[in-house]
Amino acid sequence: MTQEKIKNVMTKNVKLVGPDTTIQEAARKMKESDSGFLPIGKDDKLQGTVTDRDIVIRCIAEGADPKSTTVSKAMSNDIVYCFEDQDLRDAKKIMGEKQIRRLPVLNRDKRLVGVVSLGDLSEDTNVDDAVSKISKDTGKPSQTEGKKHP
């Protein structure tokens, strides 16, 4: 039996936001797309990601000015991704192990081609395992907690 590929369920036509974009503009783009996640980079090359939580914890809570602070100050530099030709079970495993809800999808040339989210995976009956891993209390700090950015 063939496993379904990530490219069949991912959200396509995802646009990168440049690292020099202000967090105010990033927040507007999140609002427009009804998503709390943006991939950061240039020319389809992924450099990082930023979430609404990253912006709040790393910038707003520290008193940063949303009109002048760039997403490079808030973004996660530890890039976790999958490839479009991988099986859905691979995405679920990565998301569960890394406790993340969205995963950038790259082609084999390492160009951004989409994003896969828990919602995209929810059509598959085994998503409950990934959700339980993401939601469980591990006693470890979150990926954004305590990270310092230049």
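**View 1. Thr21, a buried residue with a relative accessible area of 15%, in the segment before H1.** In this predicted model, the side chain of Thr21 reaches back to the backbone oxygen of Gly18 at 2.9 Å. Leaving aside residues up to four places away in sequence, Thr21 also touches Ala26, together with Thr69, Thr70 and Val71. Thr21 counts as buried because its relative accessible area, 15%, falls under 20%.

View 2. Glu4 and Arg89 are 85 residues apart along the chain, and a distance of 8.5 Å separates their C-alpha atoms.

**View 3. The aromatic pair of Tyr81 and Phe83.** A search of the whole structure for aromatic pairs finds 1, and this pair, formed by Tyr81 and Phe83, is edge-to-face, with 5.5 Å from centre to centre and 85° between the planes. Tyr81 is partly exposed, its relative accessible area being 26%, whereas Phe83 is buried, with a relative accessible area of 15%. The ring of Phe83 also has the charged end of Arg108 sitting over it, 3.9 Å from the ring centre.

**View 4. The open sheet of 3 strands, in the order S3-S4-S5.** The pairing within this open sheet is mixed, and strands S3 (82-83) and S5 (112-117) stand at its edges; each has a single partner strand, so one side of each is left without a neighbour in the sheet. As background to this view, strands of a sheet pair through backbone hydrogen bonds, in either a parallel or an antiparallel manner. Here S3 pairs with strand S4 (residues 102-106) in the parallel sense, over 2 bridges, and Phe83 has Leu106 as its bridge partner in S4.

**View 5. Helix H3 (residues 88-98) lying across the strands S3, S4 and S5.** The helix runs at about 135° to S4, the strand that pairs with S3 in the parallel sense.

Notes. Residues numbered from 1 in each chain as written. Predicted model: local features only at pLDDT ≥ 70, side-chain atom pairs only at ≥ 80, totals over all residues. Heavy atoms only, no water. Phe/Tyr/Trp six-rings, centres within 6.5 Å; stacked < 30°, edge-to-face > 60°. Buried < 20%, exposed > 50% of the residue type's maximum accessible area, 1.4 Å probe, protein only. Lys NZ or Arg CZ within 6 Å of the ring centre and 35° of its normal. Pairing = 2+ DSSP bridges. Helix = DSSP H or I, 4+ residues; strand = E, 2+ residues; numbered from the N terminus. Contact = heavy atoms within 4.5 Å. Axes fitted to C-alpha atoms, helices over the stretch in contact; angles between N-to-C directions. Polar contact = N/O pair within 3.5 Å; in protein donor to acceptor, adjacent residues only side chain to side chain.
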